[in-house]
Each structure stands twice: as C-alpha cells, then as structure tokens.
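The sequence and structure come first, and the main features follow by topic.

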Amino acid sequence: MRKLGTEGQSVVNKVTWQKAGRVTEPGRYMFRYGWLTITAEDLAIWRQFPAASFTLVKLPSTPDAPEEFHLGAFEIPASPTVDEH
C-alpha cells in the first residue's frame, strides 16, 4: 500500500511485530487498516528477527468489503532498536 507523503513522495507502510500485536499464531487479524493475514513463515521471521519490519500489501477486494492485507518483503534493521510503544 502506497500513499503520498507531504512532499509528494511515495510512502510504504511498514508493520513490525509490535504493531501487529506480537501475534503468536498464523491467522487473520483485525488491524488498523482492515484485516491482516499473517502466515507461519512471517512469524518464523519475526521469531528470528523480532525487530524486522514487513511491507504491508493490500489485496484486491470488493468496494464494500473491509480492506485485506498481507505481509510482503521484510527489512532487518542494521542495529537493534527499542520500540517504546
């Protein structure tokens, strides 16, 4: 999912394990933008790299349906960061 930033630049939404509620099981979860599907493979990455962030990918849906997302490519920070939220 991309949206324009304040200066017309493209912004990609990223999701961390913390923002996803530190889920422990694969499944479909209500997320701030709609439904988020998390796979066992996504969780395996977060277990190995808890600070990793995934790109939030919007799936096609009907106009009246809630938005559906899954996790795309991930990034591992060069140095561990502390998430204060």
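A charge is said to sit over a ring if NZ of Lys or CZ of Arg is within 6 Å of the ring centre and within 35 degrees of the ring normal. By that rule, the charged end of Arg 28 sits over the ring of Trp 35, 4.2 Å from its centre. The model is predicted: local features need pLDDT of at least 70, side-chain atom pairs count only at pLDDT 80 or more, and totals for chains, interfaces and linings use all residues. Residues are numbered from 1 along each chain as its sequence is written, and side-chain values use heavy atoms, with hydrogens and water left out.

**Overall architecture**

- Read from the N terminus, the order of elements is β-β-β-β-β-α-β-β.
- Of the 85 residues in the chain, 26% are buried; buried means under 20% relative accessible area, exposed over 50%, and partly exposed in between (1.4 Å probe, protein chains only).
- Among contacts (heavy atoms within 4.5 Å) with a separation of 6 or more, 43% involve residues 24 or more positions apart.
- The accessible surface of the chain is about 5900 Å², and carbon and sulfur atoms contribute 56% of that area; such areas come from the Shrake-Rupley method with a 1.4 Å probe, and for residues only the protein chains shown count as cover.

**Aromatic rings**

- Three aromatic pairs are present; rings of Phe, Tyr and Trp (its six-membered ring) pair if their centres lie within 6.5 Å, with planes under 30 degrees apart counted as stacked, over 60 as edge-to-face and the rest as tilted.
- One of them joins Trp 46 and Phe 54 edge-to-face, at 5.0 Å centre to centre and with 85° between the planes.
- Trp 46 is buried at a relative accessible area of 0%, and Phe 54 is buried at 1%.
- Phe 54 also pairs with Phe 74 in a tilted arrangement, the ring centres being 5.5 Å apart and the planes at 50°.
- This second pair links distant parts of the chain, with Phe 54 in strand β6 (residues 53-59) and Phe 74 in strand β7 (residues 68-75), 20 residues apart.
- Ring pairs link Trp 17, Trp 46, Phe 54 and Phe 74 into a cluster.

**The loop at Arg 22**

- Arg 22 is located in the loop between β3 (14-16) and β4 (27-31).
- Although Arg 22 is not a glycine, it has a positive phi of about 50°.
- Arg 22 is partly exposed, at 44% relative accessible area, and lies over the face of Trp 17, 5.5 Å from the ring centre.

**Salt bridges**

- Side chains of opposite charge can pair when their charged atoms come close.
- There are three salt bridges, each defined as a side-chain nitrogen of Lys or Arg within 4 Å of a carboxyl oxygen of Asp or Glu.
- Lys 14 and Glu 75 form one of them (3.2 Å, N to O); Lys 14 lies in strand β3 and Glu 75 in strand β7, so the pair ties together parts that are 61 residues apart in sequence.
- Arg 28 and Glu 68 form another (2.4 Å, N to O), linking strand β4 to strand β7 across 40 residues.
- Arg 28 is partly exposed at 45% relative accessibility, whereas Glu 68 is buried at 17%.
- Glu 67 is bridged to Lys 58, with the closest N and O atoms 3.0 Å apart.

Methods
Helix = DSSP H or I, 4+ residues; strand = E, 2+ residues; numbered from the N terminus.
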